[in-house]
Amino acid sequence: MFGTNKSRSIDWLVVGLGNPGKKYEGTRHNAGFMAADALAEKLGISVDKLKFHALIGDGMCGDLRILLAKPQTFMNLSGQAVDEIMSFYKIPPERLIVMCDDISLEPGRLRIRRKGSHGGQNGMRNIIDMIGTQDFHRIKLGVGAKPHPDYDLADWVLSHFTVNELKLMNETAQNAAEAVKLITAGNTDKAMNLYNS
């Protein structure tokens, strides 16, 4: 564990990206929040404390203590919360997992990576800019591509899932939560083999 004060020691930071507020619940851009909620439920973590510009909660994932965070800054400024948490708890980038939406994947699909570019996802872009590296784990949840080229991207990612898509997304969020458990236990390859589309 990091540091000597056990009450302050966090082994992993797991961040779900989305936009705060009822208005954005069930929208494509909030897939990361859905995955964070699924993980919180599995691990019995209450993500309800407002600190570092995020809703946070901590608990055990196996033998490791994780901090689960849902930035409340709106998507494009997600890096502010991530940077503050990492700085406070002295969490290195290799102990960061970010879960977010991906329009290049169909609903129901996951893509797990150890590192990589932001891929056009503005929350991810801001995190990379703020923490100064792209060498951190990410779990991308497919939300589907724009229905036609002229469809405004912002309108698309802020649109709501259909009933059938939402069923798929709930399953995907559960899979993302299971993938976090594998990654934090040191089994990233297994997570990729199991869940990558």
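Helices (H or I, at least four residues) and strands (E, at least two) are DSSP runs, numbered from the N terminus. Keep that in mind, since the elements are the landmarks here. This is a predicted model: local features need pLDDT of at least 70, side-chain atom pairs count only at pLDDT 80 or more, and totals for chains, interfaces and linings use all residues. Residues are numbered from 1 along each chain as its sequence is written, and side-chain values use heavy atoms, with hydrogens and water left out.

Start with the whole chain. It has 6 helices and 7 strands. Along the sequence they follow the pattern β-α-β-β-β-α-β-β-α-β-α-α-α.

Next comes overall size. The C-alpha atoms fill a box of roughly 55 × 30 × 30 Å, taken along the principal axes. The radius of gyration, taken over C-alpha atoms, can be set against a globule rule of 2.2 Å times the number of residues to the power 0.38. For 197 residues, a compact globule would have a radius of gyration near 16 Å; the chain has 15 Å, so the two agree.

Now look at contacts, which means heavy atoms within 4.5 Å. Take the contacts between residues at least 6 apart in sequence. Of these, 69% join residues at least 24 apart.

What about the surface? Accessible areas come from the Shrake-Rupley method with a 1.4 Å probe; for residues, only the protein chains shown count as cover. The accessible surface of the chain comes to about 9300 Å². Carbon and sulfur atoms account for 49% of that surface.

Residues are then sorted by relative accessible area: buried means under 20%, exposed over 50%, and partly exposed in between (1.4 Å probe, protein chains only). Buried residues make up 50% of the 197 residues.

Go inside. A nonpolar core is a set of buried Ala, Val, Leu, Ile, Met, Phe, Trp, Tyr and Cys residues joined through side-chain atoms within 4.5 Å. The largest such core has 32 residues. Which of them touch the most other members? They are Val14, Leu39, Ile66, Ile97, Met99, Ile139 and Leu141. Several elements give two or more residues to this core, including strand 1 (12–16), helix 1 (31–43), strand 4 (64–71) and helix 5 (163–184).

Leaving aside residues up to four places away in sequence, Leu39 touches Val14, Ile66, Leu68, Ala177 and Val180. There is also a second, separate core of 24 residues, which includes Ile10, Met75, Met124 and Phe136.

Turn to two arginines. Is Arg28 buried or exposed? Arg28 counts as buried, because its relative accessibility is 3%. It sits in the loop between strand 1 and helix 1. Not counting residues up to four places away in sequence, Arg28 touches Asp101, Val143, Trp156, Val157, Ser159, His160, Phe161 and Glu165.

Arg125 lies in helix 3 (residues 122–131). Its relative accessible area is 34%, so Arg125 is partly exposed. Beyond residues up to four places away in sequence, Arg125 touches His118 and Gly120. Arg125 and Asn170 are 45 residues apart in sequence and 25 Å apart in space, C-alpha to C-alpha.

Move to strand 3 (residues 54–61), where Asp58 is found. Asp58 counts as partly exposed because its relative accessibility is 39%. Asp58 touches Ile10, Ile45, Arg65, Ile66 and Leu67, again not counting residues up to four places away in sequence. From Asp58 to Val47 is 11 residues in sequence and 7.6 Å in space, C-alpha to C-alpha.

Finish in two loops. Phe52 is in the loop between strand 2 (49–51) and strand 3. Its phi is near 60 degrees, a positive value in a residue other than glycine. With a relative accessible area of 13%, Phe52 is buried. Phe74 is in the loop between strand 4 and helix 2 (78–89). Phi of Phe74 is near 75 degrees, a positive value in a residue other than glycine. Phe74 counts as partly exposed, at 40% relative accessibility.
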